[in-house]
Amino acid sequence: MATLTSRCAVVSPTPRSPVKILPFEVGPPPADSIHVEVIQAGICGTDPHLWKGDLELRAPIVLGHEGIGKVASMHPTVITDHAGQPLHEGDIVYWTAVRPCHKCYYCTVLDDECGCPSNGFMHNYDALVRAKEGTWATYTQYATLGPRNSFYRVSPNVPPEAYIALGCALPTVIQATSRLRKGHIEPHSTVVVQGCGAVGLAALMMAKLSGCLKVVVIDQNPVRLAKAKDFGADACINLDEIPDMGERAKRITQVVGERGVDLAIECSGHPSAIREGLALLTRNGTYLLIGTWAGKAEVLFDPFIVVNKALHIQGSTYCAPRDYYRASKVVEQNWQRFPLASCVTHKFRLDETQLGLETVISGAAVKAVIEPNRKDN
Ligand SMILES: [Zn+2]
Ligand SMILES: [Zn+2]
């Protein structure tokens, strides 16, 4: 295969500077690698943070770590995906844009690929241009996936929107719930989900799939709350309608019953949610923290209730390749039970990337995606 020219969306270290659409060249896929024509790249909540400068960048980077695409070409050493499923050109794949090394203490002993010192999804644009080996980032026409970017073949009969709808959020929630004491959300438990962006919707879906008794969702974005209702939330509480924490607790008790909340899942990313999450829990309850990923904060809470209610507090960072595989199977089995595809409310061309980021910041979208190879690009 001759050299391929692709375009990608690049964010510079200067906060809110215009997103640039820049070219790069890539040769044939290196050993154990494939080229993928990106169908959809999900705009994750992290991407606007990177553009706004909430997370410091040292160099221009190619954006995007959520992608679904079509295999365009393969090195002859690749005959299967990373789950051993046969792979051919034209197959649809879902991949992880993080790159654990699979040979360090965290990867091989602790089963914690997010602790891997070589991990990370940011690809320096200048290095990409120099190396001509392609990028694993997703806001690009062609991505190149090597042995460290696990890729999984998915069903061509499921709309790509259903896979990308919960992007990195569903694998993140799958890892987080696997870290609960029983390894999953317990059936017949009562659950509160704080925040219903993609992470919250994924938590809601996993709670419903677990057979939990009741699940209540809290947010203040009416578009997302309406989607949570469609996903089967037993109650959706709008913070603007019930601004008082005590009143919200009463409303939640009405729904879940006097015994209280067994599991609270923090998916809002707001430190202000922590006090309420702890207060809502019943004796032996668990607080699962997923959302407070980007940023720094200190929170006042009453440590006596943690002891007196024998609470369990569990954090979880992002996810591992195995969770992407599991997420692809959860979507394949449940995309018709849950309105996953309809979560994609906004689609943008590659050169509209900045508009896409601004739309996500505005709160208008449930899920926005970039379509880098759409005909009108
Ligand atoms: Zn993400
Ligand atoms: Zn490692």
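This is a predicted model: local features need pLDDT of at least 70, side-chain atom pairs count only at pLDDT 80 or more; totals for chains, interfaces and linings use all residues.
**Entry 1: the domains**

I began with the domain assignment, which divides the protein chain into domain 1, made of residues 4-167 together with 337-371, and domain 2, covering 170-315. I then looked up how the two are placed, and found that the C-alpha centres of domain 1 and domain 2 lie 29 Å apart. For the contact itself I noted 14 residues of domain 1 against 14 residues of domain 2. On the side of domain 1 that touches domain 2, I listed seven nonpolar, five polar and two charged residues.

**Entry 2: what the record says**

Next I turned to UniProt, where an unreviewed entry places the feature "domain: Alcohol dehydrogenase-like N-terminal" at residues 32-140. Over residues 32-140 I read 17% helix and 25% strand, with the end C-alpha atoms 20 Å apart. The unreviewed entry in UniProt also gives "domain: Alcohol dehydrogenase-like C-terminal" at residues 198-331. For residues 198-331 I wrote down 44% helix and 22% strand, and a separation of 14 Å between the end C-alpha atoms.

In which order do the strands of the open sheet of six stand? I traced the order as 12-11-10-13-14-15, and the pairing is parallel. Strand 12 (235-238) and strand 15 (312-315) are at the edges, and because each has a single partner strand, one side of each is left without a neighbour in the sheet. From one strand to the next, the twist averages 15 degrees.

I also followed one pair in detail: strand 14 (residues 281-289) runs parallel to strand 15 and is joined to strand 15 by four bridges. Within this pair, leucine 288 has glutamine 314 in strand 15 as its bridge partner.

Helix 7 (residues 222-230) touches strand 11 (214-219) and strand 12, and its direction makes about 170 degrees with that of strand 12. Helix 9 (residues 273-280) touches strand 10 (190-194), strand 13 (261-266) and strand 14, and its direction makes about 165 degrees with that of strand 13.

**Entry 3: a pair of helices**

Two packed helices are described by the angle between their axes and the distance between the axes, so I looked up both values. The axes of helix 5 (residues 169-178) and helix 11 (residues 321-334) come within 8 Å and cross at roughly 110 degrees. Angles of 65 to 115 degrees count as roughly perpendicular, and helix 5 and helix 11 are therefore roughly perpendicular to each other.

Which residues of helix 5 meet helix 11? I found Leu170, Pro171, Ile174 and Gln175 in helix 5, meeting Asp323, Tyr324, Arg326, Ala327 and Val330 in helix 11. By class, the residues of this contact divide into six nonpolar, one polar and two charged.

Last, I looked at an open sheet of four strands, which has the order 2-1-4-7 and antiparallel pairing. Its edge strands are strand 2 (20-26) and strand 7 (123-124), each of which pairs on one side only. Strand 1 (residues 4-11) and strand 4 (residues 61-62) pair in the antiparallel sense over two bridges, and valine 10 stands opposite valine 62 in strand 4.

Notes
Residues are numbered from 1 along each chain as its sequence is written. Chains are lettered from A and ligands numbered from 1 in the order in which they are written. Domain bounds come from an automatic or database domain assignment. Two residues are in contact if their C-beta atoms, placed from the backbone, lie within 7 Å. Ala, Val, Leu, Ile, Met, Phe, Trp, Tyr, Cys and Pro count as nonpolar, Asp, Glu, Lys and Arg as charged, and the others, Gly among them, as polar. UniProt positions are given in the numbering used here, feature names are shortened, and annotations may be inferred rather than shown by experiment. Two strands pair if DSSP finds at least two bridges between them. Axes are lines fitted to C-alpha atoms, for helices over the stretch in contact, and angles run from 0 to 180 degrees between N-to-C directions. Angles under 35 degrees count as roughly parallel, over 145 as roughly antiparallel, 65 to 115 as roughly perpendicular and the rest as oblique.
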